Each structure stands twice: as structure tokens, then as C-alpha cells.
Amino acid sequence: QVQLVESGGGLVQSGESLRLSCAASTTIYSDNAMAWYRQAPGSQRELVASITSGSATNYADSVKGRFTISKDNAKNQVYLQMNGLKPEDTAVYYCNVKEFRIFRTYTYWGQGTQVTVSS
């Protein structure tokens, strides 16, 4: 069982930056994908960015060029650097880890961290 704890959220003004961190409680299985999702009030949870165990990344069109996902395997952490924040980026951001084991995939979620961008 992997527990995920996010940190780094807060209140910023439009154009500013934040860096989110997600720490896993234990070593993540070698075949995995780590991601950040977000959910704004009244909206569905959406994928923001993901990174595979091979370090391939994927971004939502709305954040391309502004957000960067990275990870530190030795620390079992994943990060989301958010630059040029906009009011529409306001949401609760969730860390997600998937472990692709032989017979099934295990999915874990953090508790979420609030990001609020004022105009």
C-alpha cells in the first residue's frame, strides 16, 4: 500500500509560480506512472500531467509550456512546477500513482492540495 502526501499548494496571483510536491510512503514498483490531476468546483477531475517510469511526459493542452512534471526516484517523489499561473488553474491538485504489476494495476491517490490563483 502506497500513501501519497501532497504539499506546496497555496494562494498566488496571476502570473506567479508554485511547485507542488508529492511524497510516496514507500518505494514505488519499477513499472509505474505518476501524475497530477486537478478538480475545480463543479468540474470533473482532469489529468494535468503524467510521467512514466521511463520519464516520458504528457501534458494537458491547457498547461503545455507552463507546467513541468518531474520526479526523483531515489526520494519517491514527484513534482509539478507551475509557472505563469492563471485563475483558471484554480483547483484541488491530486497526486496519482499507478503501479503496473504482473496481474493487476494498483492506483493510489493523495488527499489533494488547494491551488488558488487570483486575478
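Author: The link of Cys22 and Cys95 is left-handed, with -80° about the S-S bond. The sulfur atoms of Cys22 and Cys95 are 2.1 Å apart, and a disulfide is defined as a pair of cysteine sulfur atoms within 2.5 Å. The structure holds 1 disulfide.

Before going on, some ground rules. The model is predicted, and local features need pLDDT of at least 70, side-chain atom pairs count only at pLDDT 80 or more, and totals for chains, interfaces and linings use all residues. Residues are numbered from 1 along each chain as its sequence is written, and side-chain values use heavy atoms, with hydrogens and water left out.

Are the two cysteines buried or exposed? Cys22 counts as buried because its relative accessibility is 1%, and Cys95 is buried because its relative accessible area is 0%. Here buried means under 20% relative accessible area, exposed means over 50%, and partly exposed lies in between, with a 1.4 Å probe and protein chains only.

Which residues does Cys22 touch? Beyond its neighbours within four places in sequence, Cys22 is in contact with Leu4, Val5, Glu6, Trp36, Asn76, Gln77, Val78 and Cys95. Contact means heavy atoms within 4.5 Å. Cys22 can also be placed relative to Val97: 75 residues separate Cys22 and Val97 in sequence, while their C-alpha atoms are 10.0 Å apart in space.

One of the contacts of Cys22 is Asn76. Asn76 sits in the loop between β7 (67-72) and β8 (77-82). Asn76 is not a glycine, yet its phi is positive, at about 55°. Asn76 is buried because its relative accessible area is 15%. Ser55 also has a positive phi, near 75°, and is a residue other than glycine. Ser55 is in the loop between β5 (46-52) and β6 (57-59), and it counts as partly exposed because its relative accessibility is 45%.

Gln1 and Asn76 are 75 residues apart in sequence and 14 Å apart in space, C-alpha to C-alpha. Gln1 is in the segment before β1 (4-7), and it counts as exposed because its relative accessibility is 79%. Leaving out residues up to four places away in sequence, Gln1 touches Ser25, Thr26 and Tyr108.

Ser14 lies in the loop between β2 (10-13) and β3, and β3 is the strand that holds Cys22. Ser14 counts as partly exposed because its relative accessibility is 41%. With residues up to four places away in sequence set aside, Ser14 touches Leu85, Lys86, Pro87, Val117, Ser118 and Ser119. Ser14 and Val48 are 34 residues apart in sequence, and their C-alpha atoms are 18 Å apart in space.

Now the whole chain around the link. The secondary structure comes to 0 helices and 11 strands; helices (H or I, at least four residues) and strands (E, at least two) are DSSP runs, numbered from the N terminus. In the protein, residues 24 or more positions apart account for 54% of the contacts with a separation of 6 or more. Of its 119 residues, 40% count as buried.

What radius of gyration does the protein have? The protein has 14 Å, which agrees with the value near 14 Å for a compact globule of 119 residues. The radius is taken over C-alpha atoms, and the globule rule is 2.2 Å times the number of residues to the power 0.38. Along its principal axes the C-alpha trace spans about 45 × 25 × 25 Å.

The protein exposes about 6,300 Å², and carbon and sulfur atoms supply 47% of that area. Accessible areas come from the Shrake-Rupley method with a 1.4 Å probe, and for residues only the protein chains shown count as cover.
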